[in-house]
Amino acid sequence: MQTFSKIAQRIINQRHIKFAKLNGLYSLRQTGSLPQQATFDAGISLRHWVQEAQAAGLKASTMFLDIKGGFDNVDYSTLLQRLETKGVPNYMVKWISNFISYRQCAIIFPDSPREMRGINTGIPQGSPLSPC
């Protein structure tokens, strides 16, 4: 069952990427988690732009942002509403809703009860819905 799940996730992820690309739903400057747009490609592009600026006698500076925990705080209802607003097909919205809903976790301390609680925010890291 785990292998089938991974195959299904990959197929749906490829459909999401294709839909997003056809409908302009991601920035052309986005890298990572997209075919032919790996973080390595971004590094090569940055190097090219810096060398180009230096060759023209300009100074170059770079600012890097790491939005740590950004995907931990995604609100499900807002995400699903935005997907519908952008015209994402209903079957994709339902798949995403099912994937991120009904998740549970427990905070465990020594000698404490292991009580599971529902989670209604965040996208699992390593999922097709997150770039991590």
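**Helix packing and the nonpolar core in a predicted model**

Arg15 is found in helix H1, which covers residues 2-22; helices here are DSSP runs of type H or I with at least four residues, strands are E runs of at least two, and both are numbered from the N terminus. The structure is a predicted model, in which local features need pLDDT of at least 70 and side-chain atom pairs count only at pLDDT 80 or more, while totals for chains, interfaces and linings use all residues. Residues are numbered from 1 along each chain as its sequence is written, and side-chain values use heavy atoms, with hydrogens and water left out.

To stay with Arg15 for a moment, this residue is partly exposed, with a relative accessible area of 42% (buried means under 20%, exposed over 50% and partly exposed in between, with a 1.4 Å probe and protein chains only). Leaving aside neighbours within four places in sequence, Arg15 is in contact with Tyr91 and Met92, where contact means heavy atoms within 4.5 Å. The C-alpha atoms of Arg15 and Met92 are 8.6 Å apart, although 77 residues separate the two in sequence.

The overall layout comes next. The protein has four helices and two strands, which follow the pattern α-α-α-α-β-β along the sequence. Of its 132 residues, 20% count as buried. Among contacts between residues at least 6 apart in sequence, 49% join residues at least 24 apart. The protein exposes about 10,700 Å², with carbon and sulfur atoms supplying 55% of that area; accessible areas come from the Shrake-Rupley method with a 1.4 Å probe, and for residues only the protein chains shown count as cover.

In soluble globular proteins, nonpolar side chains tend to be buried together. In this model, the largest nonpolar core has nine residues: Phe19, Tyr76, Leu80, Leu83, Val88, Met92, Val93, Ile96 and Ile100. Such a core is a set of buried Ala, Val, Leu, Ile, Met, Phe, Trp, Tyr and Cys residues joined through side-chain atoms within 4.5 Å. Helix H3 (76-85) and helix H4 (90-100) are the elements that give two or more residues to this core, and H4 provides the largest share, four residues. Leu80 is in contact with Val93, Ile96 and Ser97, leaving aside its neighbours within four places in sequence.

Just after H3, Gly87 takes a positive phi of about 85 degrees.

Arg103 lies in strand S1 and is partly exposed, at 22% relative accessible area. Its C-alpha atom is separated by 5.9 Å from that of Gly118, 15 residues away along the chain.

The count of salt bridges comes to one, by the rule that a side-chain nitrogen of Lys or Arg lies within 4 Å of a carboxyl oxygen of Asp or Glu. Glu115 and Arg117 form it, with their closest N and O atoms 2.8 Å apart. Glu115 is partly exposed at 44% relative accessibility, whereas Arg117 is exposed at 51%.
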